[in-house]
Amino acid sequence: MSSGFGRYVHAVVERAGAEAREDGSATTEAQHLLLAIAAEHESTTDRILGSVGLDHRAIREALDQEFERSLSAAGVSLAAFGFSRATAGPDRPRLGTSAKLALERGFSSVARRSDLRPPHVLLGIVRAQVGTVPRALELAGVDRADLEGRVLETLKDDRQ
Amino acid sequence: MSGTETTREADLPDLLAAVGALRRLADQIEDAAVERAIRSNWSWSQVAEALGVTRQAVHKKHAKRLFAAGVVLRRR
């Protein structure tokens, strides 16, 4: 793993933790990593996300929609709850299962750790076929397989 | 929600996602409700009993956050 990549992953995980805290989530999940990638504005990942119309705000909106849609499947209306949000805690939420899986998927997509680049983190996230992120992408009108293809293309171009 | 007999196969992803969303909503409501109760001078024991958990459990889960938030904490 190159030190530049290591620093990038560290920054993304730190930022994802902050996103999870703002979300009132006890754990940092794959969707928080995705928000963190958008917030970090690293040039290659920014270009990929921008090419499908995604930025931090669009991802946040899609995730909110996904939450409401998932609750409504159980007959629960988020709007029906008039509770004010709790104050966030001081600790960074620990990495949850979906975030660990996304990072593992990204890291294991290369033969040599030294080949890892920022888009590999994004790749690990968009390779999940079920869960919150693919559902949110669908609601945002983003074709997940197409996005995965764009990440792979960028990585291929980067090697040439 | 409709009964099993009327639940279509296509609803399965939504149903599975609903489980996670309901847990998340329950956590959010718990965080907000406990904070409001402690701010309203409920004791940890009262909050715990209302939630159906031990006082130690509710204190462990929420005390640090509420202390950091500047909520005056009662003695355990």
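**Exercise 1.** State in which order the elements of chain B run from the N terminus on.

*Solution.* Step 1: chain B has 3 helices and 0 strands, where helices are DSSP runs of H or I of at least four residues and strands are runs of E of at least two, numbered from the N terminus. Step 2: the order in chain B is therefore written α-α-α. Step 3: of its 76 residues, 17% are buried; a residue is buried if 20 or more other C-beta atoms lie within 10 Å of its own, exposed if 12 or fewer, and partly exposed in between, with C-beta atoms placed from the backbone.

This is a predicted model, in which local features need pLDDT of at least 70 and side-chain atom pairs count only at pLDDT 80 or more, while totals for chains, interfaces and linings use all residues. Residues are numbered from 1 along each chain as its sequence is written, and chains are lettered from A and ligands numbered from 1 in the order in which they are written.

**Exercise 2.** Describe the side of chain B that touches chain A.

*Solution.* Step 1: 22 residues of chain B are in contact with 20 residues of chain A; contact requires C-beta atoms, placed from the backbone, within 7 Å. Step 2: α1 (12-39) and α3 (55-68) of chain B each supply at least two residues of this side. Step 3: α1(B) gives the most, with 16 residues. Step 4: by class, the side has 12 nonpolar, 2 polar and 8 charged residues. Here Ala, Val, Leu, Ile, Met, Phe, Trp, Tyr, Cys and Pro count as nonpolar, Asp, Glu, Lys and Arg as charged, and the others, Gly among them, as polar.

**Exercise 3.** Characterise the crossing of α1(A) and α2(A).

*Solution.* Step 1: the axes of α1 (residues 3-22) and α2 (residues 30-40) of chain A come within 8 Å and cross at roughly 115°. Axes are lines fitted to C-alpha atoms, for helices over the stretch in contact, and angles run from 0 to 180 degrees between N-to-C directions. Step 2: the crossing is right-handed, a term used if the near helix is turned clockwise from the far one by less than a right angle, with anticlockwise giving left-handed. Step 3: α1(A) contributes residues including A:Val12 and A:Ala16, and α2(A) residues including A:Leu33 and A:Ile37. Step 4: the contact residues divide into 9 nonpolar, 1 polar and 3 charged.

**Exercise 4.** Explain why helix α6 of chain A counts as largely enclosed by the rest of the structure.

*Solution.* Step 1: 9 of the 9 residues of α6(A) (residues 118-126) are buried, so the helix is largely enclosed. Step 2: the cover includes α1, α2, α3 (43-51), α5 (97-107), α7 and α8 (144-159) of chain A. Step 3: A:Leu122 and A:Ile125, among the buried residues of α6(A), are also among those with the most contacts inside the largest nonpolar core, which has 38 residues. Such a core is a set of buried Ala, Val, Leu, Ile, Met, Phe, Trp, Tyr and Cys residues joined through C-beta atoms within 7 Å. Step 4: α2(A) gives the most to this core, with 7 residues.

Key
Two residues are in contact if their C-beta atoms, placed from the backbone, lie within 7 Å.
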